[in-house]
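This report describes the fold, dimensions and side-chain contacts of the model shown below. Please consult the sequence and coordinates alongside the text.

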Amino acid sequence: MRSTVVFGRCRLESDPTLTLEKIRALALRYYPSAEEVEAEIARDIRGAQLYVIEIEHLTGKQIKEK
């Protein structure tokens, strides 16, 4: 099992073009076809927001389970 903690600043992305680009890239990893991605984006993009985390410090650990 792994545990990670991220410290930094989080902000709402104000550029709608960048938001659309990042959502499309993420959706293409999980949807079976690009056509389905575009249909979902066309239907629901107004309800989506993108938050950007600027990482200042990262810490983590890995443990072995019995």
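Helices (H or I, at least four residues) and strands (E, at least two) are DSSP runs, numbered from the N terminus. The model is predicted: local features need pLDDT of at least 70 and side-chain atom pairs count only at pLDDT 80 or more, whereas totals for chains, interfaces and linings use all residues. Residues are numbered from 1 along each chain as its sequence is written, and side-chain values use heavy atoms, with hydrogens and water left out.

## Overall dimensions

The radius of gyration of the protein chain is 16 Å, while a compact globule of 66 residues would have a value near 11 Å. This radius is taken over C-alpha atoms, and the globule rule is 2.2 Å times the number of residues to the power 0.38. Along the principal axes, the C-alpha atoms fill a box of roughly 45 × 30 × 15 Å.

Of the 66 residues in the protein chain, 9% are buried. Here buried means under 20% relative accessible area, exposed means over 50%, and partly exposed lies in between (1.4 Å probe, protein chains only). The chain exposes about 6,000 Å², of which carbon and sulfur atoms supply 54%. Accessible areas come from the Shrake-Rupley method with a 1.4 Å probe; for residues, only the protein chains shown count as cover.

Among contacts in the protein chain with a separation of 6 or more, 80% are accounted for by residues 24 or more positions apart. A contact means heavy atoms within 4.5 Å.

## Helix 1

Helix 1 (residues 16-30) has 15 residues and reaches 22 Å from its first C-alpha to its last, close to the expected 21 Å. The expected span is 1.5 Å times one less than the number of residues in the helix. At the start of helix 1, a side-chain oxygen of D15 comes to within 3.1 Å of the backbone nitrogen of T17. A polar contact is a pair of N or O atoms within 3.5 Å; within protein, one must be able to donate a hydrogen and the other to accept it, and residues adjacent in sequence count only if both atoms are side-chain atoms.

Leaving aside residues up to four places away in sequence, T19 touches E13 and L50.

## Salt bridges

The structure holds six salt bridges. A salt bridge is a side-chain nitrogen of Lys or Arg within 4 Å of a carboxyl oxygen of Asp or Glu.

R9 lies in strand 1 (residues 2-12) and E56 in strand 2 (residues 51-62), so the pair ties together parts that are 47 residues apart in sequence. R9 counts as exposed because its relative accessibility is 58%, and E56 is exposed with a relative accessible area of 56%.

E38 is partly exposed at 35% relative accessible area, and R24 counts as partly exposed at 27% relative accessibility. Salt bridges that share partners join R11, E13 and E54 into one network.

## Loop between helix 2 and strand 2

R46 lies in the loop between helix 2 and strand 2, and G47 is found in the loop between helix 2 and strand 2. R46 is exposed, with a relative accessible area of 75%, and G47 is exposed at 72%. From R46 to L26, 20 residues apart in sequence, the C-alpha to C-alpha distance is 17 Å. The C-alpha atoms of G47 and R11, 36 residues apart along the chain, are separated by 17 Å.
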